[in-house]
Amino acid sequence: MTEKKLWAGRFHQPTDAFVEAFTASVEFDQRLAEYDIQGSMAHARMLARQGILGDDECERIVQGLERIRNRIAAGDFPWSVALEDVHMNIEAALTDDIGDAGKKLHTGRSRNDQVATDVRLWLRDEIRIIQQEIRRFQQALLQIAEREAETILPGFTHLQTAQPVTFGHHMLAWFEMLQRDHGRFEDCATRMNELPLGAAALAGTTYPIDREFSAELLGFDRPCANSLDAVSDRDFAIEFSAAASILMMHLSRMSEELIIWSSAQFGFITLSDSFCTGSSIMPQKKNPDVPELVRGKSGRVFGHLMGLLTLMKSQPLAYNKDNQEDKEPLFDTVDNLKGCLKVFADMVPEITCNREAMRNAALKGFATATDLADYLVRKGIPFRDAHEVVGKAVALCVERGCDLSDLSLQELQDFSASIAEDVFDFLTLEGSVAARNHTGGTAPQQVRQAIAAARDRIRQQP
């Protein structure tokens, strides 16, 4: 394959060897090869339809590109740093294969609109894969939520016992985070689905191209409206990275809870051995390395978002070489996001809930105190007064080292004459959870209804 620079006409000296390697991107952008070929085939067909290429030339180009696609898939394609990037490597190989017809492929386009098209095509497919992994993780959450719909778990605020919930209800909170993530990626894919091809270097082309036809061939909703914006826009990459960062923040929060819950101090859950590792020195250790690593990778993805924002913040219109730096952080974000989602979707169904440990923990910290205050309000006592009554009762329990449910009826009535025998129905963990029987509440009946509704939402928007 010839390694002559396809742009070398105005140059009198060869590129410095170090500069050649320094400015090349083929080592990482070759992963765009399939999308570069798709874009080139569509471009050739559009040129032939417009009479800019002959039909026979178009057919030779498409067949030549198909042969290159097969060579790349077979690992039999010699990538050259001297040819700089994936686009020049493929174009040079095509010209070697079919002759002068290959040189005509670049008519009416530039690498500027070509790479912008390739990245959008690639990212569009990757978003669909990510959304599928989100759905798989959500299904795993619904599975465990159904299994543990009645398992009592202490709910926390400030990491202090607040009110009892169920493990199933808690898993549904994670489901809702992921539901918003799925929607953000859908929005990103919709906004991104405009075709830069035809903007050429920055100002369009004098050839009578049909950008709407190219967009139709490649599955874009429409061409980009402005040629300057088409080649210089990387908002879609930044928006994707922002959505990815929010998702990774959610996964990091989930990881933190799994790490805490699986510790000896909590003992709420047991993670499968398949997702843990041991210590090289302490034989008793079972370390939650998978959630710890996911928690760590969140910072990596956040960093890529900051990097892309910084990359773009000072660029004048239109395309600048800076934009070559958009791919590695974007590629790395996609790779890590898919890996984190996959491992969570695989790990969560294997979680074992230690129900007795969860229940015992919920008995500590006066988790039913708010239920007692609500009980008094229903008896006609203003909430602030009820709050004070319960606070005094809790203070007595702290002094004695017991729970509210351990106090006798007489002792409770010393705080308020409105308290009757039925109060104990509200001081049990099960009674507390069952009492919040409303949409979004903790009652097992509501949890099961929420699971059914969640499955309907997934079916309506796969």
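I looked up the largest pocket and found about 410 Å³ of space in it. The model is predicted; local features need pLDDT of at least 70, side-chain atom pairs count only at pLDDT 80 or more, and totals for chains, interfaces and linings use all residues. Residues are numbered from 1 along each chain as its sequence is written, and side-chain values use heavy atoms, with hydrogens and water left out.

A pocket here is an open set of points on a 1 Å grid over the protein atoms alone, where a 1.4 Å probe fits, with protein on both sides within 12 Å along at least five of seven lines; lining residues have an atom within 4 Å of a point. The volume is the space filled by probe spheres set on the points.

I then went through the lining of the largest pocket. It has twelve nonpolar, five polar and three charged residues, with Gly counted as polar. α11 gives the most, six residues. Helices are DSSP runs of H or I with at least four residues, strands runs of E with at least two.

Next I checked β1 and β2, which pair in the antiparallel sense over five bridges; pairing takes at least two DSSP bridges. Proline 154 stands opposite proline 164 in β2. Two residues lie between the strands of this hairpin, and histidine 158 has a positive phi near 60°.

Last entry, α15 (residues 369-378). I noted its buried residues (under 20% relative accessible area, 1.4 Å probe, protein chains only), among them Asp371 and Tyr375. The buried residues of α15 pack against α16 (383-400) and α18 (429-435), contact being heavy atoms within 4.5 Å. Glycine 380 follows α15 with a positive phi near 100°.

Key
Buried means under 20% relative accessible area, exposed over 50%, partly exposed in between (1.4 Å probe, protein chains only).
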